[in-house]
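Biologist: Hi! Could you walk me through this model and show me how you read each feature?

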Amino acid sequence: RIAYVNGRYLPREEAAVSIEDRGYQFADGVYEVCEVRGGRLVDERRHMARLDRSLSELRIARPMSAAALSLVMRETVRRNRVHDGIVYLQVTRGVAPRDFPFPPDGTRPSVVVTARSNDLSRLERVAEEGIAVVTAPDIRWQRVDIKSVALLPNVLAKQAARDQGAREAWLVDARGNVTEGASSNAWIVSRDGVLITRPLGRDILPGITRSVVLDLVKAQGLKFEERAFTVEEAYAAREAFVTSASQIVMPVVSIDGKPVGNGAPGLVATALRKDYHRYAEIV
Ligand code: PMP
């Protein structure tokens with residue numbers, strides 16, 4: 001496996017960054033995970049737009065032009081012979097002696113790109129079963145709309161989920177509303193068939209898959225509401241699912257050990273997953 005690091009393609013064992021990289025010392029960096037389908041990047045433009053926004057919110061310089069970055073991502077995919085999978089891109093504020101304020105102007109951001117294959121048929125089998133989620137308090141900072149590599153609360157929530165035999169954690173704010181998953185956006189379908197997901201704001205990541213699914217929902221004229229929902233509403237929902245680039249639309253069949261609906265993947269989630277697959281093949 002080959003990784004791109006600051007201008008070079010290296011075998012993964014040799015790929016490394018400095019111990020004075022601000023990503024390592026301060027989690028001072030951002031990332032993107034983009035789906036690869038048939039060797040092509042899905043929704044690259046939306047991912048690049050989100051990356052640009054994350055960088056500018058943190059005042060990290062753009063490491064290279066969008067065209068150059070795109071080339072690096074495609075080359076990394078090609079060198080790793082990824083047909084279906086993901087490409088991971090990370091940009092940090094660069095290497096400088098450890099000090100909290102920004103390093104001197106001209107410090108070059110660090111760029112790392114990796115790619116790996118995903119077993120699509122295995123993922124489909126998981127989707128046919130659906131996944132369990134558990135809730136956990138959302139203890140993250142107040143700018144989680146920025147896709148930063150500072151993910152310690154997400155790591156802890158995900159491990160708590162795993163410890164309870166679940167695949168994902170749904171994070172819950174002080175009001176008892178679900179914000180999002182530890183690495184996904186959260187959705188429910190109410191008893192009267194309305195799709196509900198939290199509106200964009202500083203308290204959730206603007207998921208690319210979320211935005212695509214919303215487009216599909218609108219195009220089909222399905223009833224939906226972008227609003228916060230409580231854990232109690234989720235327990236009582238007819239369906240639940242999560243969206244992310246690596247899981248696409250993933251049905252949730254239990255929350256905190258309580259079955260959602262009849263405890264099997266819901267019709268709406270299953271249909272949206274199929275729609276998304278069709279969409280990913282043509283973009
Ligand atoms: N929320 C969080 C906290 C995430 O980490 C992710 C995945 N990176 C998402 C939502 C889903 O975003 P996307 O659909 O762009 O993968």
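Biologist: Leaving aside neighbours within four places in sequence, with which residues is Ser-183 in contact?

Modeller: Happy to start there, with a word on ground rules: residues are numbered from 1 along each chain as its sequence is written. This is a predicted model, so local features need pLDDT of at least 70, side-chain atom pairs count only at pLDDT 80 or more, and totals for chains, interfaces and linings use all residues. Ser-183 sits in the loop between strand S9 (178-181) and strand S10 (185-189), where helices (H or I, at least four residues) and strands (E, at least two) are DSSP runs numbered from the N terminus. Counting a contact when C-beta atoms, placed from the backbone, lie within 7 Å, its partners are Asn-154, Lys-158 and Ser-244.

Biologist: How far apart in space are Ser-183 and Ser-244, C-alpha to C-alpha?

Modeller: In sequence, 61 residues separate Ser-183 from Ser-244. In space, their C-alpha atoms are apart by 7.2 Å.

Biologist: Is Ser-183 buried or exposed?

Modeller: The call rests on other C-beta atoms, placed from the backbone, within 10 Å of the residue's own: 20 or more is buried, 12 or fewer exposed, and in between partly exposed. Ser-183 has 20 such neighbours, so the residue counts as buried.

Biologist: Which residue in S5 is the bridge partner of Tyr-31?

Modeller: Strand S3 (residues 29-37) and strand S5 (residues 85-92) pair in the antiparallel sense over eight bridges; strands pair if DSSP finds at least two bridges between them. Val-36 has Gly-85 as its partner in S5. For Tyr-31, the partner in S5 is Gln-90.

Biologist: And which strands are at the edges of the open sheet?

Modeller: The six strands follow the order S2-S1-S6-S5-S3-S4, with antiparallel pairing. An edge strand pairs on one side only, which gives strand S2 (8-11) and strand S4 (40-41).

Biologist: Now the ligand: which helix gives the largest share of the shell around it?

Modeller: A residue is near a molecule if its C-beta atom, placed from the backbone, lies within 6 Å of it. Of the 13 residues around the ligand, those that come nearest are Leu-205, Gly-207, Ile-208, Thr-209 and Ala-245. Helix H6 (208-219) and strand S13 (239-244) each supply at least two residues of the shell. The largest share, three residues, comes from H6.

Biologist: Finally, what ipTM does the predictor give the complex?

Modeller: The protein chain has a mean pLDDT of 97, on the predictor's per-residue confidence scale from 0 to 100. For the complex, the pTM is 0.97 and the ipTM is 0.99.

Note on methods: Contact = placed C-beta atoms within 7 Å.
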